[in-house]
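This briefing covers a predicted model and the contact between two of its chains. Please look over the sequence and structure below before reading on.

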Amino acid sequence: MNRPFDSLQLTVNGDALSLPVAPGRRLSEVLREGLGLRGTKVGCDAGDCGACTVLLDGAPVCACLTPAAQAEGRAVTTVEGLGMGALQQAFLRHGAAQCGICTPGMLMAATALLRERPKPSRAQVEEALGGVLCRCTGYAKIIDAVMDAGAGAEPVMPGAGAAVGARIERLDGLPKVDGRESYGADDCPEGALLVRAVRAPFAPARFTLGDVGAWQAAQAGEVHVFTAADIPGANCFGTIPPFADQPALAETRIRLKGEPVALVAGEAHVIEALDLAGFPVSWEMGDSQEPVHETREGNLLVRGLVRRGDVAAALGASAHVAEAEIETPYIEHAYIEPEAGVAWMEAGTLVIRACTQAPIMDRDDTARILGLPPEQVRIIPAAAGGGFGAKLDLSLQPFIGLVALKTGRPARMIYSRAESMATTTKRHPAKMRGRAGVDAEGRITGLEFDGDFNTGAYASWGPTVAGRVPVHASGPYHTPAYLAEARAIHSYEPISGAFRGFGVPQAAILQEALYDSLAEQAGMDGLAFRRLNALQDGQPTVCGQRLSGVGIAACLDALKAPWEAAHEAARKANAAGGRLRHGVGIASCWYGCGNTGLPNPSTIRVGITPEGALCLHQGATDIGQGANTVITQICADALGLPVGQFRLIGPDTALTPDCGKTSASRQTFVTGRAALAAGQALRAQILSLTNMGEDARITLEGATLHVTDGSGEARIALSDIAPDAHGYALAAEETYDPPTTPLDADGQGAPYAVYGFGAQMAEVVVDTALGTVKVTRITAAHDLGRVINPLLAEGQVEGGIAQGLGLALMEEYIPGRTENLHDYLIPTTGDMPEVKTIFVEVPDPEGPMGAKGLGEHVLIPTAPAILGAIRHATGARITKLPALPHRVLAAIAEAGR
Amino acid sequence: MPAYLRPDTLDAALDALARQPMTIAAGCTDLFPATEARALPGDVLDITGIPALRGVARGAEGDVRIGGAASWADVIRADLPPAFDMLKEAAREVGSVQIQNAATVAGNLCNASPAADGVPCLLALDAEVEIASAKGARRVPLAGFITGPRQTVLAPGEMVVALHVPAAATEGQSRFLKLGARKYLVISIAMVAVRLRAEAGRIEEAAIAVGSCSAVAQRLGALEAALEGVALSDAPTRVEAELLSAVLSPIDDIRADAAYRLRAAGELIRRALADLAPEKERAA
């Protein structure tokens with residue numbers, strides 16, 4: 001007998017419920033949309049990411065793969081049902097949640113494990129969490145948290161003046177562990193229309209719309225359709241205005257598979273049910289020989305060049321010269337949150353709450369597309385479920401904005417995993433060639449680098465990549481003669497944009513391979529070679545810039561002991577023979593923080609209300625990296641009040657001054673400097689009001705500021721002060737813009753005001769019969785100038801290493817083929833090595849309290865260090881990434897010839 | 001409104017199937033990934049509410065029955081002889097814990113992916129597939145059940161009721177090895193299942209199957225024959241490339257190339273054989 005499904009009887013988080021749902025509906029949908037339990041996240045709808053893990057009668061399952069009918073009569077537990085317990089505390093204590101989008105899935109999987117095994121081993125935790133992907137953390141802190149879930153410890157907040165350097169939990173962490181965090185897909189205003197895009201099936205192509213009206217009339221409910229003709233403003237956008245070339249909705253030409261040609265919007269149940277394959281549009285195959293953009297000859301978007309000295313002469317006179325060619329593929333950001341957001345009209349203003357790394361850029365570009373003044377668009381960044389560069393570009397903002405503007409109704413859009421992967425930006429595939437030379441002592445004489453970077457259909461950040469690569473392709477090594485050229489070349493393929501490192505990780509793979517060869521040819525140890533050539537304070541960079549606070553030598557020195565120990569261990573292990581070969585590799589990084597030779601100011605406002613609320617308007621989007629916490633720590637110590645007393649406001653373009661974009665490892669440095677200045681300015685005001693000296697102590701109790709120094713105490717009654725336009729009794733707003741100079745025709749100048757440095761060594765075991773590589777340990781030494789928050793900084797290192805490991809060993813985005821997270825592989829819990837982080841502090845005179853950026857640096861050395869270790873173990877030189885087993889085996893065979 | 005039936009008896013399920021074609025759903029771990037829809041599309045027959053299809057049990061005569069809706073987690077938890085160790089090892093490598101809790105063994109066969117984790121083990125266990133329809137029942141050997149990628153012999157109105165491993169195949173020791181580009185949640189590049197029955201250190205019977213190296217996983221009959229009578233410790237040395245290449249037909253794809261697959265399959269078989277040799281007899 002069939003059970004009736006008019007209503008589904010089940011228990012959710014202890015409540016017996018009877019729900020009218022379609023029996024074949026995904027349980028994830030029932031929980032999220034039916035019950036509003038949006039703590040359960042959807043990352044892939046295919047069981048590949050585990051973000052939607054819930055407990056069904058105590059057993060973890062993917063809610064996205066569970067038809068509602070199978071929950072009949074059973075108990076479902078979601079993250080909301082766990083409450084705030086020891087496991088969640090441990091997640092906060094260990095910094096296990098960065099962006100937090102995988103956290104509910106992790107918590108559910110861990111809860112199931114801990115119920116069976118209260119004291120699990122590391123291997124047991126890895127296996128239990130193996131089905132939940134995290135793109136931010138590298139898993140170490142998650143595993144640590146699960147293993148430490150039993151130990152309850154209250155977080156301790158540092159007192160006044162002690163925030164910087166303290167290992168404090170992230171200030172915005174609580175909602176990430178209790179399921180309340182609201183990401184792009186988690187907000188659904190009453191009456192919101194669902195929006196979907198009609199997308200091109202192939203490229204290049206041309207298209208013609210058919211009888212849209214007839215198609216609309218034939219649908220089961222009302223369907224709004226919007227095409228390029230409905231766009232009120234300029235149907236052209238791009239992250240770098242002079243290169244803007246991308247239509248929000250295609251007009252006649254299709255330049256990449258998945259390019260949108262129309263939007264459909266309506267009641268969710270109507271839009272969900274549409275078969276968009278039946279949308280009236282005819283596609284005509286385009287000519288792949290036709291230039292991607294008429295004005296860009298040879299499909300060349302832009303060429304970046306840095307030239308210093310006579311490299312041909314230098315290489316000619318070198319004692320040793322090495323050459324290499326290396327190819328890297330498209331790399332997908334693979335954040336667990338596909339793009340999502342909602343837009344609505346509020347008193348004539350278009351409000352967009354969506355995933356982003358760059359609210360002001362979103363506002364300005366969306367306004368231009370929609371023909372609105374920027375003030376009439378307000379961007380409220382939703383919590384970002386990972387970004388890594390791709391959420392700098394507009395995705396659905398103009399779509400939901402257009403629908404909300406045209407219909408007056410809220411509009412909501414959630415990309416599918418395939419849509420996200422096919423249509424948002426990627427890391428540039430690179431084809432790189434290089435030559436480098438050294439003198440008889442092993443000193444670098446010159447480096448020549450040449451790279452073609454496939455920038456895809458539209459410009460996006462292609463110019464930035466082409467510009468950054470030549471500036472950085474020397475690595476942090478003194479390079480007297482240098483010629484580096486990078487070209488961003490269009491193709492009818494996915495758009496390459498920003499991805500952690502802007503092309504520098506690819507360039508470092510080639511450059512470090514050259515230096516492995518040169519060290520070998522010169523008969524030098526790899527670390528000693530790099531130490532000898534490490535850039536020193538006052539030496540010119542390849543751009544002719546003379547830096548202070550250069551920490552690369554200190555990073556390499558920090559690796560000396562582990563390097564020697566690792567070599568000794570590898571020697572011993574290899575002496576036994578057998579098919580497993582152990583190897584050690586090393587690579588360095590440097591990375592300029594902020595825009596390349598262009599202004600990129602940040603502004604911070606801090607104020608105290610007449611009621612005594614200490615508010616920090618923090619506009620730097622926290623995509624998991626920790627800006628909310630780090631910027632507050634800096635401001636707290638500058639002001640001299642405890643970090644725990646701050647209330648964070650924003651980011652929100654209506655409430656927070658512009659802190660620029662979260663990219664280029666600039667927030668700790670640039671926004672940090674603004675926060676430092678704002679904190680200092682407010683402190684100065686308070687001290688001058690009370691006539692107290694520099695070293696006075698400030699406390700805020702209720703609505704009263706107490707200021708004490710050796711001479712006595714003064715008070716400021718905040719309620720006595722008339723509030724300013726922003727409602728503050730006392731406030732300060734400060735802007736900081738890094739001092740840089742544009743590069744000249746030879747790429748000479750001062751492109752960045754602050755650089756960060758680092759070096760990593762990888763230990764690997766290569767199975768020479770199967771070509772498989774196991775990375776057993778990464779030791780990472782990074783110069784942060786001043787570590788603002790060691791807990792969060794470690795998280796950046798571990799997460800960057802995970803992405804670098806993926807780049808080295810498994811990640812390869814093939815357009816049209818790997819648009820999911822089971823064909824596109826990112827590391828799981830079982831793939832990560834032990835990561836040992838060593839922080840080095842060589843203060844930068846320009847950085848806030850000496851601090852430098854870190855976010856992108858950490859990914860750069862990982863892949864070259866792993867590839868160097870494979871080479872050390874086996875002689876294999878990997879020339880095409882990733883180093884999949886068959887490629888490693890072929891390279892081993894090649895090396896043996 | 002498409003139909004969604006979740007009967008609690010096999011007869012009701014078969015009656016429904018006899019009336020109209022329906023998508024048979026169990027763990028849904030292959031059905032849902034195949035659609036972006038919010039609900040399973042089309043008419044669905046959900047067989048997870050039928051108690052008779054659940055369970056993994058040993059019969060009176062030593063045979064083993066795996067119910068048509070038994071999950072991989074059921075296999076992991078079942079009390080089974082060492083011949084099934086490989087199946088349990090495979091079970092732990094099917095997707096993730098979340099997938100293992102939902103996905104069924106029979107569904108893995110019906111989905112008929114060349115990379116189905118369960119197929120090599122069940123081939124090496126001489127599994128038979130019990131098929132039923134409203135008209136009656138039949139049993140086919142697994143080797144004949146899957147006819148190609150995503151193709152089986154299931155006729156309209158038929159469904160898999162159970163898998164049976166005959167008593168004779170429940171003997172011996174076994175090992176499953178899966179090679180992928182990452183640790184968890186991975187589609188294999190190659191995988192092998194090896195079951196050996198040995199007496200006094202010599203192989204009396206070998207059952208060896210390879211997956212992901214041909215359109216349908218294959219038993220390696222010639223290699224099995226070549227191993228009969230061979231000392232366990234010598235077994236790895238008998239894995240000749242020709243014995244594999246005669247049967248397997250790997251392809252180049254995003255995960256590996258064909259030549260590599262063939263080589264890896266041989267290496268994995270050697271390792272599985274070495275793992276099955278008693279500690280003291282194992283070649284260094």
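Between chain B and chain A, 22 residue pairs are in polar contact, both residues being at pLDDT 80 or more; a polar contact is a pair of N or O atoms within 3.5 Å, where within protein one must be able to donate a hydrogen and the other to accept it, and residues adjacent in sequence count only if both atoms are side-chain atoms. In this predicted model, local features need pLDDT of at least 70 and side-chain atom pairs count only at pLDDT 80 or more, while totals for chains, interfaces and linings use all residues. Residues are numbered from 1 along each chain as its sequence is written, chains are lettered from A and ligands numbered from 1 in the order in which they are written, and side-chain values use heavy atoms, leaving out hydrogens and water.

**The chain B side**
- β1 (4-5), α4 (97-102) and α10 (258-276) of chain B each supply at least two residues of the side touching chain A (helices, H or I of at least four residues, and strands, E of at least two, are DSSP runs numbered from the N terminus).
- The largest share of that side, 6 residues, comes from α10(B).

**Salt bridges**
- The interface of chain B and chain A holds 5 salt bridges (a side-chain nitrogen of Lys or Arg within 4 Å of a carboxyl oxygen of Asp or Glu).
- Arg271(B) forms a salt bridge with Asp767(A), with the closest N and O atoms 2.6 Å apart.

**Chain A**
- Chain A has 23 helices and 33 strands.
- Its C-alpha trace spans about 80 × 80 × 60 Å along the principal axes.
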